[in-house]
Amino acid sequence: MKVSLEFQYFEGCPNHIKMWNNISEAIKGLEDKIELKKVLVEDEGTAKQVGFRGSPTLLINGEDIEGVPAPAEPSLACRFYIGGVPGADVINKIILEKINME
């Protein structure tokens, strides 16, 4: 079973590029073990549909990378990460943990 990654973002938020680059780096060599989906959240309807936590968001096997639950009222907003956008090493570690759980 592959590890599912869902990258949610919108173009107006500058951190989505950094997160995408970190994800791309984190999955090098693991491409056959993951399923990656990019979700462009362009409007409030899509935000509500995906339970948008803000841009950028990475869900791993359906769980937010920082354990943040879907908000009651999702909206188009930039996301703030206290320690900064998760780095490739952090993302890679979580992916490897999920692979090893299978």
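Select glutamate 66 to begin: its relative accessibility of 43% makes it partly exposed, a class that lies between buried (under 20% relative accessible area) and exposed (over 50%), as computed with a 1.4 Å probe on protein chains only. You are looking at a predicted model, in which local features need pLDDT of at least 70 and side-chain atom pairs count only at pLDDT 80 or more, while totals for chains, interfaces and linings use all residues. Residues are numbered from 1 along each chain as its sequence is written, and side-chain values use heavy atoms, with hydrogens and water left out.

Arginine 79 is buried, at 7% relative accessible area.

Now select aspartate 64 and arginine 53, whose closest N and O atoms are 3.9 Å apart in another salt bridge. Aspartate 64 sits in strand 4 (residues 63–64), and arginine 53 in the loop between helix 2 (44–50) and strand 3 (57–60); helices (H or I, at least four residues) and strands (E, at least two) are DSSP runs, numbered from the N terminus. Aspartate 64 is buried at 7%, and arginine 53 is buried at 19%. Show Arg53, Asp64, Glu66 and Arg79 together, and you have a network of linked salt bridges.

Finally, move to lysine 28 and glutamate 25, whose side chains form a salt bridge of 3.1 Å, N to O. Here lysine 28 is exposed at 55%, whereas glutamate 25 is partly exposed at 44%.

Terms used
Salt bridge = Lys/Arg side-chain N within 4 Å of Asp/Glu carboxyl O.
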